[in-house]
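User: I'm new to this one. Can you walk me through it?
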Amino acid sequence: TRDTLDKALKESTQSFSVKAKELSEMESQYNMEKRRLEDELCAFRKANKILNEKLKKEEEKRANREEKEKQANRKKEEELKRKKEEEKVRNNVQPRNNTQWWGTSSTVFTPITCTESICGLMVKAGKCCYHYGLDINKFNVLAIVNDDKSLYLYSETNKKEEKLCTCQSDICCVAWNQGGALLAIGGYHDNNTSNAIQVWDIPNRKIIKRLKIKDNDQDCRSLHWNEDTITAGTDDYIYQWNINDEENDQDTQRNKALLPRKTIRNEHNSW
């Protein structure tokens, strides 16, 4: 019986050793497979990270391209709109038929053939004795003083002239704004309507602002635009207005008028 037990124990020990060896080999294979899978997972994560970064960059590039395209389209639309508006202004500032409610005015301008290549247009006009009694806008529309008190428009484009207005006092100066649609008219001060410099909306043929000079003895000798700012020079002062300001005064005929933002004394009067 003892021999039988010893034999069985020996066989069991041998069997256990074999099983332990097999288990050790399986554990080794498991660890190797685990490391392989972990390496593959790590490589996959790295590749996925690189792919995500590339995808993010591509999305950013695509978004930038789309934004640039949108900006370009907006710019084209704005440019097209600007050109249409400018073309509308160009057409509306052109002189119209020379007929007013009081009748047809006489023709005062005569185009003269240019004899010098430097000249683009010569026009024979009536009386205009002031240095700044003429100005031309970006659409080649001339604003010219005739007979001291009347203002005419003349265009080389349609060969028409139009009497815009007649002032009660002599006109000394006229000035177009940079956009070519607004025209400022200044002149002698006679305690009447010339107390205000007139700003005309030429496409709509109406006065949109009157710029008041408070000093009764100051005549407007020159005008200059800088965007929405108008500067006027008189014998003794320089005045500045912004035409976007609300009227804050009246002229002597009770019309709304705008007082200047700034007044500077001319210490070097050479008049």
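User: Which residue in E10 is the bridge partner of tryptophan 176?
Analyst: Leucine 183 is the bridge partner of tryptophan 176. This is a predicted model, where local features need pLDDT of at least 70, side-chain atom pairs count only at pLDDT 80 or more, and totals for chains, interfaces and linings use all residues. Residues are numbered from 1 along each chain as its sequence is written, and side-chain values use heavy atoms, with hydrogens and water left out.
User: How many bridges join E9 to E10?
Analyst: 5 bridges, and the strands run antiparallel. Two strands pair if DSSP finds at least two bridges between them; strands (E, at least two residues) and helices (H or I, at least four) are DSSP runs numbered from the N terminus.
User: What's the strand order in that sheet?
Analyst: E9-E10-E11-E12, an open sheet of 4 strands with antiparallel pairing. E9 (171-176) and E12 (206-212) each have a single partner strand, so one side of each has no neighbour in the sheet.
User: Switching topic: how many salt bridges are there?
Analyst: The structure holds 15, counting a side-chain nitrogen of Lys or Arg within 4 Å of a carboxyl oxygen of Asp or Glu.
User: Which residue does aspartate 249 meet in one?
Analyst: Lysine 212, at 2.8 Å from N to O. The pair links distant parts of the chain, 37 residues apart: aspartate 249 is in strand E16 (residues 249-250) and lysine 212 in E12.
User: Is lysine 212 buried or exposed?
Analyst: Lysine 212 is buried, at 14% relative accessible area, while aspartate 249 is partly exposed at 29%. Buried means under 20%, exposed over 50%, partly exposed in between (1.4 Å probe, protein chains only).
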